[in-house]
Amino acid sequence: MPAVSKGDGMRGLAVFISDIRNCKSKEAEIKRINKELANIRSKFKGDKALDGYSKKKYVCKLLFIFLLGHDIDFGHMEAVNLLSSNKYTEKQIGYLFISVLVNSNSELIRLINNAIKNDLSSRNPTFMCLALHCIANVGSREMAEAFAGEIPRILVAGDTMDSVKQSAALCLLRLYKASPDLVLMGEWTSRVVHLLNDQHMGVVTAAISLITCLSSKNPDEFKTCVSLAVSRLSRIVSSASTDLQDYTYYFVPAPWLSCKLLRLLQCYPPPEDGAVKGRLVECLETILNKAQEPPKSKKVQHSNAKNAILFEAISLIIHYDSEPNLLVRACNQLGQFLQHRETNLRYLALESMCTLASSEFSHEAVKTHIETVINALKTERDVSVRQRAADLLYAMCDRSNAKQIVAEMLSYLETADYSIREEMVLKVAILAEKYAVDYSWYVDTILNLIRIAGDYVSEEVWYRVIQIVINRDDVQGYAAKTVFEALQAPACHENMVKVGGYILGEFGNLIAGDPRSSPLVQFNLLHSKFHLCSVPTRALLLSAYIKFINLFPETKATIQEVLRSDSQIRNSDVELQQRAVEYLKLSSIASTDVLATVLEEMPPFPERESSILAKLKKKKGPGAVSVELEDGKERGELNGGGDRGGDAAIAASNASTPSPSADLLGLRSAAPVSGAAPSAGSLLVDVFSEAGPAASSSGANDDCFLSALHAPEASDSPLVEGPGDSDSAPPSAASEDPAPPLPESDELLNKFVCKNNGVLFENQLLQIGIKSEYRQNLGRMYLFYGNKTSVQFVSFSTTVSCPGELQSQLNVQTKTVEPLVEGGAQVQQVINIECLTDFIDAPLLNIKFRYGGALQNISLKLPVTINKFFQPTEMAAADFFQRWKQLSQPQQEAQKIFKASHGMDTEVLKAKLLGLGTALLENVDPNPENYVCAGVIQTKAQQVGCLLRLEPNAQAQMYRLTLRSSKDTVSQRVCDLLAEQF
């Protein structure tokens, strides 16, 4: 920009500002301003024409008065006149006044637009920049209508100066954000994308902000930017700090541009082109390597720039979730930041690791930092860092560390900040339920939770423990005993009284045999809390009392005396008075049989989505719910990972005893009563519903994971047969035949061999997420269909078919989906699977819907593979090799020798082998570099034992994989599947 000469100092403006500052009171300031306004008004209305300098000075004074908070109702025309001046300073003040004071409804907008057009066509770069800045500052719809077609032309023109290109790109970005429907790139798209190759780094930096915004709304239109962005990023990352001197910030080359490039790449899936993907992986590895190098400067600006690039690179690695080696390295790098002296870095590291914990590949690596995270929870001074530490503990929790994490979170709750206590309580309740290995631990944990943070325990939490106790026969006695002991504390929270009243009213008879907890002792203990409680709790206790009369007839006289007292039958609260009168009459006139019928034990509640989890989602906000797992922190376990050992032990206990296993999630409980279909919600199911308990009191467990598979009439969804079964197609399905599977279907299927959760398919319209779990020969899969557009999908339908022999090998049962999917919305579908015998092919999923009148027809392979039905088997070395020798027939063995297609990282290999579903056997193979695994594939027809041996050769970057099983087809299929993973 031209320098302002000394003659442009505007002495009169300086004097006026000085006068205002010297005013002793508000009244003096207003008086001086009114005097100046009168002077300016007279000058503008005077007969003598003002020169440009005078207009500029008076307009500047008006602008200053406006910024002091006073209304300005004149001078606009003079400011517009300044736009036609050829002097930079006069034109600058005119544009500044208009940007600040003129609104989009002004009558002068047409004159202003004409002046801007003149400057844009003047080819004077200084005037063009002033005009573009004014358009961006006003940013009104009228401005967009007038200039949205002109600015792209200026942006891509070959003769436009670099400074003007920068302004044009940022101006177009502002207009697009304000009025996206008016800014149509069309023919300019490819030329705008190619600005990423511009020689001027400032132009690239401005253009990438525009392209990132456009790509987020129209990814397909701008997908060519990926290769150009990778190329530019590669040049920056590989350059030395001296190569880009003008754009090097404290020895870091172009940090802002690098961050923007990495953010742009997060708008797209991993590049399909192998060369581009390889170059990008190389860039990310270089960034991670540079983070390990000693700093080139001790100044904070250097570390800030370096870390900004690192965190954006880690965000991209997490977004792709396809490079195990990079994910583990990213986790290790973040682990170093957990103990950094800079608070902001610790916060960012914890936040990023929360996301990494949801990845199948990096979850185990995240768990290695558990002690550091627990220490942060206890010692951090900043409450926001402590909250992130709690979030990370919640995210990294699984059955292997659940008791430790829950204990630490309970310990922290006693001193936790009030602002996060409610959320902490919900998380403890969810983890205690989800990862409980026995009921006694779960009951102890929830009662301890109520004791420590009773004021923050919502109704959903204590409802939940009641539901589980009622639905599980084997925990009822223990719960009654534990809650009785808890009520004996001198200071007892009201929520504890509620739980105690409910449980003792239902199951107090189970502990009445002990003289220390006789019926009268139980009643006196509850009634001693009565006068301290609120009305709703007193009402609950009165219900418990009438239950006592049914359970313990010997307490009848004592309880009737309480009900008959004036404090009850003459209570000022209508609810309490009515209960007391009705219960008294019921106990007096009803026979024993009638009383027993009316007050019989509560039947099991029907299963529903967890109300605790729903409350946590609501507290976290809608952004916390994602297609991957309903909640970013509700991570699905590795199939065969750390949690499978617990499941194996549970299964073993089921085989040896008829009592129900410790399955708090209801995954192996009895079929829902009244013919209700299984819940289509999260794996955390809620047995509490507003409709009340189910009519039936049957609480028997039948160890059935998916009861609907054995009772298809209880579900409204058909059993899927072959592709020719026209009855299975919902009425809204389009009449066209299903499309053939996409070419990349096999590749998508292979991504899920060692994991159960993630994004199965994504294009510019639709995202399909998947979440699944398997127990023995049964599986349940949740599909999430997300509409990525702002336009609704109509006639939306899905069908699942089992081609050829697969019809006799798998039973697949689907729930129909809603035919209408609103823009930005997500619908869910539940698929139940039963493995009848071993299989090779995968079921086909066909999705049809209409978008903008055009039929979309997509077919994919569902990631249901034979290894999903593995049951891990622990074996000693002698047993393993004895069994290995028994499976020595040629047809029982399948072997492959192949080159490694990914890094040979030990932790990643272990994670994949555990994800396969087998048990990883330690210290079995004589060569410690080798891996051996064992498992049993569970089908309805038979069980197929499998032994696996993986021999990596790091020097040659080769693997030898050997599978032996009692069935040749299983050996070959598992061998083929696993070979694709390494």
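Predicted model: local features only at pLDDT ≥ 70, side-chain atom pairs only at ≥ 80, totals over all residues.

Student: How are H15 and H17 oriented to each other?
Tutor: Helices are DSSP runs of H or I with at least four residues, numbered from the N terminus. The axes of H15 (residues 274–292) and H17 (residues 324–337), lines fitted to C-alpha atoms over the stretch in contact, with angles from 0 to 180 degrees between N-to-C directions, cross at roughly 20° and come within 11 Å. Angles under 35 degrees count as roughly parallel, over 145 as roughly antiparallel, 65 to 115 as roughly perpendicular and the rest as oblique. H15 and H17 are therefore roughly parallel.

Student: Which term describes the orientation of H26 and H27?
Tutor: H26 (residues 473–487) packs on H27 (residues 494–507) with the axes 9 Å apart and an angle of about 135°. The pair is therefore oblique.

Student: How many charged residues are in the contact of H26 with H27?
Tutor: Contact means heavy atoms within 4.5 Å. Among the residues making this contact are Phe-484 of H26 and Phe-507 of H27. Asp, Glu, Lys and Arg count as charged, Ala, Val, Leu, Ile, Met, Phe, Trp, Tyr, Cys and Pro as nonpolar, and the others, Gly among them, as polar. The contact of H26 with H27 has twelve nonpolar residues, two polar and, of charged ones, none.

Student: How many residues of strand S7 are buried?
Tutor: Strands are DSSP runs of E with at least two residues, and buried means under 20% relative accessible area, with a 1.4 Å probe and protein chains only. Leu-766 and Ile-768 are among the residues pointing one way from S7, Gln-767 and Lys-771 among those pointing the other way, and all are buried. For S7 (residues 766–775), the count of buried residues is ten of ten.

Student: Which residue in S8 stands opposite Ile-768?
Tutor: Two strands pair if DSSP finds at least two bridges between them. S7 and S8 (residues 778–787) run antiparallel and are joined by ten bridges. They form a hairpin with two residues between them, and Gln-776 in the turn has a positive phi of about 55°. Opposite Ile-768 stands Tyr-785.

How values were computed. Residues numbered from 1 in each chain as written. Heavy atoms only, no water. Buried < 20%, exposed > 50% of the residue type's maximum accessible area, 1.4 Å probe, protein only.
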